[in-house]
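I opened the model to look up some strands, a loop residue and a pocket. My notes are below the view.

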Amino acid sequence: MDIVKASKKLSELDIQIAMDNIVVDILWFRVMILDGMWNISRHTHSSFEFHFVSSGACEVVLDSGGFVAKAGEFYVTAPGVYHQQRSVGDGHYVEYSINCDFKKLNEGFSEACGILDALSSARCMPVKDIYNAIEYFYRALEEAYHQKIGFYNNIKCLAAIIIAMAARAVSKGNESTYDVPLKAKEDDYRFTIIRKFIEDNIANNITTVDVANYMHLSHKQVCRIVRRKTGGSTKDLIDRIKLDRAKSLLKDTRLSIKEIASVLGFSSEYYFNQFFKRKEGYPPGVYRNNIKNV
């Protein structure tokens, strides 16, 4: 891979990342390669800049002091932090840099807010890249260079990982102290999957056994979950979903009743008529006519 060409391709991409209730706007995402004596004069940003040293070393001068950042380390300059960079000796220097702006969409707290807090409160100083953020940066360069299908979204994911790994490193790997969204109670979650499976396969004339096999649960477990959520049996749930689909098709399509019967997995129009009449008290043709006359 030509690192210079990869950096150019990466820097051309317009990247925004949605992290919980924060939008991260990537202002630049690139590699800086310098040789000999060099100096980047004192400046600041209204955004966060991550400096990952891949090769060589640089001296960073702050208004409050300074330090030397070496290969395998990184430092973060937060908004408003004035800094100057200059060479250490006249050797080869390679820095992977990402600059981004964090925009909160609301005042709620999220994991992304925790990441932002960690970055905002961290001192500007060299930190060991113990979570290998630079490796994800290199993978982003490879994605940009080769541009295989899915590369753009892969790069967005990698950028989010880089930011998270940097925040983890500057916070010294402390455990999180915030809550994150969890799935609903196990039975609620499993019922959602059961219902979705029935809806997706309603044309296959499925049974409770089919549902149980799909869920890798026993017949009794499936029945217990469904009864807790609906008060009825799994067959009742299947029939209700089938009836709702039948009503939708009778109302919103030009399919004949025979065609609807086939779509819903009935072996004949007769059995569909019997099913509908048993549930509603009248055949589907009457239902369709009543809908038309409303």
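These entries go from the strands to the loop residue and then to the pocket.

**Ground rules.** I am working with a predicted model, where local features need pLDDT of at least 70, side-chain atom pairs count only at pLDDT 80 or more, and totals for chains, interfaces and linings use all residues. Residues are numbered from 1 along each chain as its sequence is written, and side-chain values use heavy atoms, with hydrogens and water left out.

**Strand S9.** I took S9, residues 93–104, to begin with. Strands here are DSSP runs of E with at least two residues, and helices are runs of H or I with at least four, numbered from the N terminus. Nine of the twelve residues of S9 are buried, so the strand is largely enclosed by the rest of the structure. Buried means under 20% relative accessible area, exposed over 50%, and partly exposed in between, with a 1.4 Å probe and protein chains only.

I then checked its partners. Strands pair if DSSP finds at least two bridges between them. S2 (residues 22–34) runs antiparallel to S9, joined by twelve bridges. In that pairing I found methionine 32 opposite glutamate 95. S4 (residues 48–55) is also antiparallel to S9, over seven bridges. There, serine 55 faces valine 94.

**Strand S1.** In a regular strand the side chains alternate between the two faces of the sheet. I see this in S1, residues 15–19. Ile15, Ile17 and Met19 point to one face and are buried. Alanine 18 stands opposite valine 23. The S1–S2 hairpin has two residues between its strands, and aspartate 20 takes a positive phi near 55° there.

**Serine 110.** I found serine 110 in the loop between S9 and helix H2 (111–121). Is it buried or exposed? Serine 110 is buried, at 10% relative accessible area. Leaving out residues up to four places away in sequence, serine 110 touches Asp20 and Asn21; contact means heavy atoms within 4.5 Å. Its side chain makes a polar contact with the side chain of asparagine 21, at 2.5 Å. A polar contact is a pair of N or O atoms within 3.5 Å; within protein, one must be able to donate a hydrogen and the other to accept it, and residues adjacent in sequence count only if both atoms are side-chain atoms.

**Pocket.** Last, I noted which helix gives the largest share of the second largest pocket's lining: H8, with four residues.
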